[in-house]
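Please examine the sequence and the model shown here. The paragraphs below treat a set of paired strands and then a helix.

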Amino acid sequence: MSTSAPITQDVMTIPRKLPEGGKINLVGLTRDQMREVLIANGTKEKQAKMRVGQIWQWIYQWGVRDFHEMTNLSKAYRAELDEIFEIAIPEVITKQVSEDGTRKYLVRIAGGHEVEVVYIPEDDRGTLCISSQVGCTLTCSFCHTGTQKLVRNLTAAEIIGQLMMARDDLEEWPVPGAPKDETRLLSNIVLMGMGEPLYNFDNVRDAMKIAMDPEGISLSRRRITLSTSGVVPEIARTAEEIGCLLAISFHATTNETRDVLVPINKRWNIDELLQALADYPKVSNSERITFEYVMLDGVNDTDEDAHRLIDHIKRYNIPAKINLIPFNEWPGAPYKRSSNNRIRAFANIIYQAGYASPIRKTRGEDIMAACGQLKSATERARKSRKQIAEEAGLSQP
């Protein structure tokens, strides 16, 4: 392991403290945390567990934000809750809708910072792409978000709040007493937005536990996919403490190339990462691991790369599928998208080896909502193509 690599957990910022004296937000608290905070603010200890169950259902099953609407609580208790607590989620600043139906939200969080959230409708599912940090510390050279410095981690409330915000916009909260409808417009979560989820592990874990709670939003762990660039020590924790599906931003088959594309590789190289991935399904009994592979013209798209990728996966006996992603260009990007013929040839080599190799359909590109394009407007650092290339260690004509 390189001790001089720039990617370390030491560079993480901690969540901004909220102003003292304000109301306590119940969103994002685990059940145990909610119980503790209710007791600390006057709820009788013997009643606290029951009260948590009641309030939990109102917030996460019915989407209620007003304590006075929680009709199975006494009026006096509702008034007490309203005086001390709040149910607050990120504020939507703008919403853009793509020609293909993709929705991109710019939402404001505490401190005036903004992050982007994307909803992608498909025939058989609706996927919400959630952010876990303001900015990112990883500086992956093909990613627009990576040109923005890390500002801070999102809190559990700000992470689960993105899902709640999207359900608001989709008008998908069920109505108490109405016939149950199992169809969902928002059926899947992918932690593939701004930031590295495993550098904000505790908040991501708590938010996903809330999303999976059967008495609330009730999403199956198989409906949640966490994408990491390869924070090896936290991969095992993900299996043990979250148990969701795993995707890995792989993108290169040699350490030399991956060091440039995904600089965290300087800290945990390909072999260290593959060993952690090989161990993952054994711990969580999960499904296949998704290898995300962005197709960059002349960089990582040769037949030799395809064969090396297969060799890596077979050598470590990893149950896998390879998701090929045509590069989504952004202003100043130092790379170009591989040709359609090159992508199909790459996919065919993988398919012939016995692995699923879907080519991801680009969604929301007209509103800069596609993979690798997210970057909040207020945090945007305007860099030239030459500056970005120099930081990535690439030569530009």
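Which residue of strand 4 does K95 stand opposite? The model in which this question is posed is a predicted one. The residue standing opposite K95 is Y105, in strand 4. Together, strand 3 and strand 4 form a hairpin, with 5 residues lying between them. Within that turn, G101 adopts a positive phi of about 95°.

Y105 also leads onward to strand 5, where its bridge partner is V117. Strand 5 covers residues 114-121 and runs antiparallel to strand 4, the two being joined by 6 bridges. A hairpin is formed here as well: 5 residues separate strand 4 from strand 5, and G111 in the turn has a positive phi of about 90°.

Attention now passes to helix 5. Helix 5 comprises 12 residues, 201-212, and its first and last C-alpha atoms lie 16 Å apart, close to the 16 Å expected at 1.5 Å a residue. How many of the residues of helix 5 are buried? The count is 10 of 12, and the helix is thus described as mostly covered.

Notes:
Residues numbered from 1 in each chain as written. Predicted model: local features only at pLDDT ≥ 70, side-chain atom pairs only at ≥ 80, totals over all residues. Heavy atoms only, no water. Pairing = 2+ DSSP bridges. Helix = DSSP H or I, 4+ residues; strand = E, 2+ residues; numbered from the N terminus. Expected span 1.5 Å × (residues − 1). Buried < 20%, exposed > 50% of the residue type's maximum accessible area, 1.4 Å probe, protein only.
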